[in-house]
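Biologist: Please take me through this model, beginning with the terms you use.

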Amino acid sequence: NAVYPISVEIDKINGGYGELKVGGALENALFEAGFNVVSSLVAYSEAKTSIEYFSNKIEISSSSPKKYYKSVYLVDFDEPRITTGGSKEWFNELNGRIIDLVNGNRLIATFSYKNNDKLVEVSKACNEIAMALYKKSEK
């Protein structure tokens, strides 16, 4: 449902060039298609470390990161192989999934964009994906 908040999973620290470029383009395309997008900049907060003080000693322990999302749905995707040409980025395949964060992190949809061996501009492909997802959400 396009009414509920949706965010795109973008690992800004460990993500590669393709993840950053496609994530931003997909976030923009979902917004333009009419989804209620929560920007990846504020979509979640992470709790990574705890600090304890022991008489003049500081102990910092780190556990696996926990993310707290401010959205109902999450779009996650495999990092694509990006080709650059001029001032544009291109790819020919993108696979992803939509996760329902409210109902037990259920997988509710998957998408696969393939254009055989022809490269497609990232923003154009992301717009096509977003429009297909929007049409599917109306059903």
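Modeller: Two strands count as paired if DSSP finds at least two bridges between them. Helices (H or I, at least four residues) and strands (E, at least two) are DSSP runs, numbered from the N terminus. The model is predicted, so local features need pLDDT of at least 70 and side-chain atom pairs count only at pLDDT 80 or more, while totals for chains, interfaces and linings use all residues. Residues are numbered from 1 along each chain as its sequence is written, and side-chain values use heavy atoms, with hydrogens and water left out.

Biologist: Which secondary structure does the chain have?

Modeller: The chain has two helices and ten strands. Along the sequence the pattern reads β-α-β-β-β-β-β-β-β-β-β-α.

Biologist: In what order do the five strands of the open sheet come?

Modeller: The order is β2-β1-β5-β8-β9, with mixed pairing. Strands β2 (36–37) and β9 (106–114) are at the edges with a single partner strand each, so one side of each has no neighbour in the sheet.

Biologist: How do β1 and β5 run?

Modeller: Strands β1 (residues 5–8) and β5 (residues 73–77) are parallel, joined by three bridges. Within this pair, I6 is opposite Y73 of β5.

Biologist: And in which sense do β8 and β9 pair?

Modeller: Their pairing is antiparallel, over eight bridges, and I98 faces A109 of β9. The two strands make a hairpin with five residues between them, and G104 in its turn has a positive phi of about 70°. N105 also belongs to the loop between β8 and β9; this residue has a positive phi of about 55° despite not being a glycine.

Biologist: Where do the helices lie?

Modeller: Helix α1 (residues 17–33) lies across β1, β2, β5, β8 and β9, at about 145° to β5. Helix α2 (residues 122–137) packs on the sheet and touches β8 and β9, its direction making about 140° with that of β9. Contact means heavy atoms within 4.5 Å; axes are lines fitted to C-alpha atoms, for helices over the stretch in contact, and angles run from 0 to 180 degrees between N-to-C directions.

Biologist: Now D100. What surrounds that residue?

Modeller: D100 sits in strand β8 (residues 93–100). Leaving aside residues up to four places away in sequence, D100 touches V72, Y73, N105, R106 and I108. D100 is buried but has no salt bridge, and R106, the nearest side chain of opposite charge, is 4.1 Å away. A salt bridge needs a side-chain nitrogen of Lys or Arg within 4 Å of a carboxyl oxygen of Asp or Glu. For charge, Lys and Arg are positive and Asp and Glu negative, with His and the chain ends not counted.

Biologist: Is E89 buried or exposed?

Modeller: E89, in strand β7 (residues 88–91), counts as buried because its relative accessibility is 17%. Buried means under 20% relative accessible area, exposed over 50%, and partly exposed in between (1.4 Å probe, protein chains only). Beyond four places in sequence, E89 touches Y17, K21, I82, T83, T84, V120, E121 and V122. E89 and V22 are 67 residues apart in sequence, with their C-alpha atoms 9.0 Å apart in space.

Biologist: What share of the whole chain is buried?

Modeller: Of the 139 residues, 35% are buried. Among contacts with a separation of 6 or more, 57% join residues 24 or more positions apart.
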